[in-house]
Amino acid sequence: MRILGIESSCDETAAAVVENGERLLSNVVNSQIDIHAEYGGVIPEIAARSHLEVINPVINKALADANCTWDDIDAIAVTYAPGLIGSLLIGTLAARTLAIIHNKPLYKIHHVEAHVYANFITEQNQPTFPLLALIISGGHSQLVLFQNHGDYQLIGQTQDDAVGEAFDKVAKILGLPYPGGPSISKAAKFGDPHAFTLPIAKLQGKYDFSFSGLKTAVLRAVQREVGKDFTFPSHELPGLVDDELRHNMAASFQFTAIKTLVDKTRQAYDDFQPASVVIAGGVAANQELRHQLSAALPLSIDYAPIQLCTDNAAMIAALGYYRAQIDQPTDPYDLEVQPSLSMTSV
Ligand code: KG4
Ligand code: ZN
């Protein structure tokens, strides 16, 4: 079964063709990072306009790269939740129109659940159930236990900021470019992870996270290091931060954020004894996290390629394949976007 996946929930316009949920035939991602980098974050109106400009060429390229015509496509899968409303609308309207014109079944896909399916796009060593997934992106930080496809339980989540959001905000404080994840991990290579002792939040929920205090602790430490008090505006800090402070703070922040993620995942592993562990979402691209997690767990982890960790449509098509086994297709005349739907209520 060949599925065309379409993704437009944030600042990547993407389309991909995946066979049987495991074989990648094409994967086209048009990133708007350069456009939004100028503003230090995603501007929703600009994102929606940019999706509109490129969605048709991106879909056509995904079909061409896969050597497919519409006759070769069995179904369409599209992200309908969660994300920026204007961005989600462009992808879902394209998918609905194409499903009607070409008479293909349409499956609605939850973006966060789909991140996990990047790990299934492999013809060898697919993850097995029960599966513990650490989902860490710009919008989410959660631990989810899957008993099977479509059968899962949210066991922990962030109480405030997502970890990717913390990377992005700390990068801004340090004057590192957007997106913060890759630029912090690059800067961290030159710094000492023990230069600053940063706090790890203590929470009631055993598997819950909190990253807002960590971000504030970085802000206060940087203000102190440059000789200012807590009233000094954060947007003026980058001009006062030198390379040594930038590198040491990036390394110390990354060390603390990763330690939090690894400790909670280890705790959940010990309690639930899953058959596999996967990490998913943009922050799963972090190499240091991969090293630390592998060192902390007694089972081996097959990490997904980096380009399948950040937003893409291959993961949407892969989950579409499994959803097609358990769900009825969606009516293309009816599909509405759900910008704030969490994974618990799918
Ligand atoms: O999954 P994703 O592409 O989009 C969302 O669904 O949010 O994740 C984007 C997030 C951003 O916050 C970005 O800074 C972070 O993933 N990220 C990383 C790395 N690459 C991307 N964080 C840490 N280390 C990385 N190498
Ligand atoms: Zn994502």
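Trainee: Does Tyr321 count as buried or exposed?

Mentor: In this predicted model, Tyr321 has a relative accessibility of 18%. The cut-off for burial is under 20%, so Tyr321 counts as buried.

Trainee: At what relative accessibility does Tyr322 count as buried?

Mentor: The cut-off of under 20% applies here too. Tyr322 counts as buried because its relative accessibility is 11%.

Trainee: How are the rings of Phe167 and Phe253 arranged?

Mentor: A search of the whole structure gives nine aromatic pairs. In the pair of Phe167 and Phe253, the ring centres are 4.9 Å apart and the planes stand at 80 degrees. Planes over 60 degrees apart fall in one class, so this pair is edge-to-face.

Trainee: How many residues apart in sequence are the parts that this pair of Phe167 and Phe253 ties together?

Mentor: Phe167 belongs to helix H5 (residues 163-174), and Phe253 to helix H8 (residues 243-272). Phe167 and Phe253 are both buried. The pair therefore ties together parts whose separation in sequence is 86 residues.

Trainee: Which strands are the edge strands of the open sheet of four strands?

Mentor: The order in this sheet is S8-S7-S6-S9, and the pairing is mixed. An edge strand pairs on one side only, which is the case for strand S8 (151-157) and strand S9 (276-280).

Trainee: Which residue in S8 does Gln142 stand opposite?

Mentor: Strand S7 (residues 141-148) is joined to S8 by six bridges, and the two run antiparallel. Across from Gln142, the residue in S8 is Gln157.

Trainee: How much of the area that ligand 1 exposes when taken alone does the protein bury?

Mentor: An N or O atom in the side chain of His111 is 3.1 Å from an oxygen atom of ligand 1. Asn286 has a polar side-chain atom 3.0 Å from a nitrogen atom of ligand 1. Taken alone, ligand 1 exposes 550 Å², and the share buried by the protein is 88%.

Trainee: Which element gives the most to the shell around ligand 1?

Mentor: There are 20 residues around ligand 1, and among those that come nearest are His115, Asp168 and Gly181. With four residues, the element that gives the most to the shell is H6.

Note on methods: Residues numbered from 1 in each chain as written. Chains lettered and ligands numbered in written order. Predicted model: local features only at pLDDT ≥ 70, side-chain atom pairs only at ≥ 80, totals over all residues. Heavy atoms only, no water. Pairing = 2+ DSSP bridges. Phe/Tyr/Trp six-rings, centres within 6.5 Å; stacked < 30°, edge-to-face > 60°. Buried < 20%, exposed > 50% of the residue type's maximum accessible area, 1.4 Å probe, protein only. Near = heavy atom within 4 Å. Polar contact = N/O pair within 3.5 Å; in protein donor to acceptor, adjacent residues only side chain to side chain. Areas by Shrake-Rupley, 256 points an atom, 1.4 Å probe, with all protein chains shown as cover.
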